Amino acid sequence: MALIKEITQEIERHGARLVAVSKTKSVSEIMKIYNEGQRVFGENRVQELMDKKDLLPGDIQWHLIGHLQRNKVKYIAPFISMIHSIDSLELAAEVDRQAAKLKRKIPVLLQIRIAEEETKFGISPSMIDQFASDLLRQGSTYLVFSGVMGMASFVDDEDQIAREFRNLKITFEHLRKQYFMDNPDFREISMGMSGDYKIALTEGSTMVRIGSLIFGARN
Ligand SMILES: *Cc1c(COP(=O)(O)O)cnc(C)c1O
C-alpha cells in the first residue's frame, strides 16, 4: 500500500484530515500525490503557490500554512480554501477587506504560539483574550473563524511536544466557549507535522500538515 494511503487511514481513524504540504515540490511530484486521491495541499509561500497552482487541477483545495504578509493577501483571496496563519488584527482586517471585494467567504485559523522555545510567529497564549475580543470588536463579514493552528518546538522530548499540543487544545476550547460558542465552523485544531503528527492526533488534532514524510525530504 502506498505510504500516503497508510498515513491517510491513520489520520482518518482519529477523525482528522490531512493537509499535504507541497512547498518546494514540483508540479509532477504534487500530481503523483493528487493521483493517489489527495485533494488538500498546503503551501507556505504565496509566490510559489501562485507559480504552481495554475499548472495543477482546479479541484485542489489550497491551504496557506505559513506566515502571510498583508500585501500578498490579494493574490490568494480569490481561491484560497483556508488560511492557517492569522496572527495579527491587521492581517485579519486585510483578509476580510480582500474577501469583501470578491464577496467570497474565507475560512481562517488563528495561529497560536505554543512552542516553549522562542518562535517568531503566532499570538501569544497570554494575549489571546485581548486578541479575540479586539478581533470580534474589529468586526469582519467575510472571515469564517474556523479554529486554531500551532507548531510545537523542534525537540526530541515527546512529553514537551505533547504538552505544547495539549496547550493548543486548551486554548482552542477556551476560545470556543468564550468567543465562538454560536459558530459551528470554529472546530479545527491544525497541529502535527511529519515528525510529531502521531502525538498531535493523540492530543486531538483535527488537521495535520505533513510534507516530508509524504514527499520525501526537502532540499
Ligand atoms: C513545512 C511545514 C509543515 C510540514 O513540515 P514537514 O516536517 O515536512 O511535515 C507544516 N506546517 C508548516 C507551517 C510548515 O511550514
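## The ligand and its pocket

The ligand is surrounded by Val-21, Lys-23, Asn-44, Ile-65, Met-151, Met-193, Ser-194, Arg-209, Ile-210, Gly-211, Ser-212 and Arg-218. This is a predicted model. By class, the shell around the ligand holds five nonpolar, four polar and three charged residues.

Which residues have a polar atom 2.5 Å, 2.8 Å or 2.7 Å from an oxygen atom of the ligand? The table lists them.

| Residue | Protein atom | Distance to a ligand oxygen atom |
|---|---|---|
| Ser-194 | N or O atom in the side chain | 2.5 Å |
| Gly-211 | polar backbone atom | 2.8 Å |
| Arg-218 | N or O atom in the side chain | 2.7 Å |

Taken alone, the ligand exposes 390 Å². The protein buries 91% of that area.

Where does the ligand sit? The ligand takes the space of the largest pocket. That pocket has a volume of about 880 Å³. It is lined by 40 residues, and Lys-23, Asn-44, Met-151, Phe-154 and Met-193 are the closest to its centre. Helix 3 (46–53), helix 7 (158–179) and strand 8 (207–210) each give two or more residues to the lining. Sorted by class, this lining has 17 nonpolar, 12 polar and 11 charged residues.

The second largest pocket holds about 220 Å³ of space. Its lining has 14 residues, with Thr-8, Glu-12, Leu-18, Gly-37 and Gln-38 nearest the centre. Helix 1 (3–13) and strand 1 (17–21) each supply at least two lining residues. Helix 1 gives the largest share, six residues. By class, the lining of the second largest pocket has five nonpolar, four polar and five charged residues.

Technical notes:
Residues are numbered from 1 along each chain as its sequence is written. This is a predicted model: local features need pLDDT of at least 70, side-chain atom pairs count only at pLDDT 80 or more; totals for chains, interfaces and linings use all residues. Side-chain values use heavy atoms; hydrogens and water are left out. On a 1 Å grid over the protein atoms alone, a cavity is a set of points where a 1.4 Å probe fits but cannot get out, and a pocket is an open set with protein on both sides within 12 Å along at least five of seven lines; lining residues have an atom within 4 Å of a point. Grid points are joined across faces, edges and corners, and a volume is the space filled by probe spheres set on the points. Helices (H or I, at least four residues) and strands (E, at least two) are DSSP runs, numbered from the N terminus. Ala, Val, Leu, Ile, Met, Phe, Trp, Tyr, Cys and Pro count as nonpolar, Asp, Glu, Lys and Arg as charged, and the others, Gly among them, as polar. A residue is near a molecule or strand if one of its heavy atoms lies within 4 Å of it. A polar contact is a pair of N or O atoms within 3.5 Å; within protein, one must be able to donate a hydrogen and the other to accept it, and residues adjacent in sequence count only if both atoms are side-chain atoms. Accessible areas come from the Shrake-Rupley method with a 1.4 Å probe; for residues, only the protein chains shown count as cover. A molecule sits in a cavity or pocket if more than half of its atoms lie within 2 Å of its grid points.
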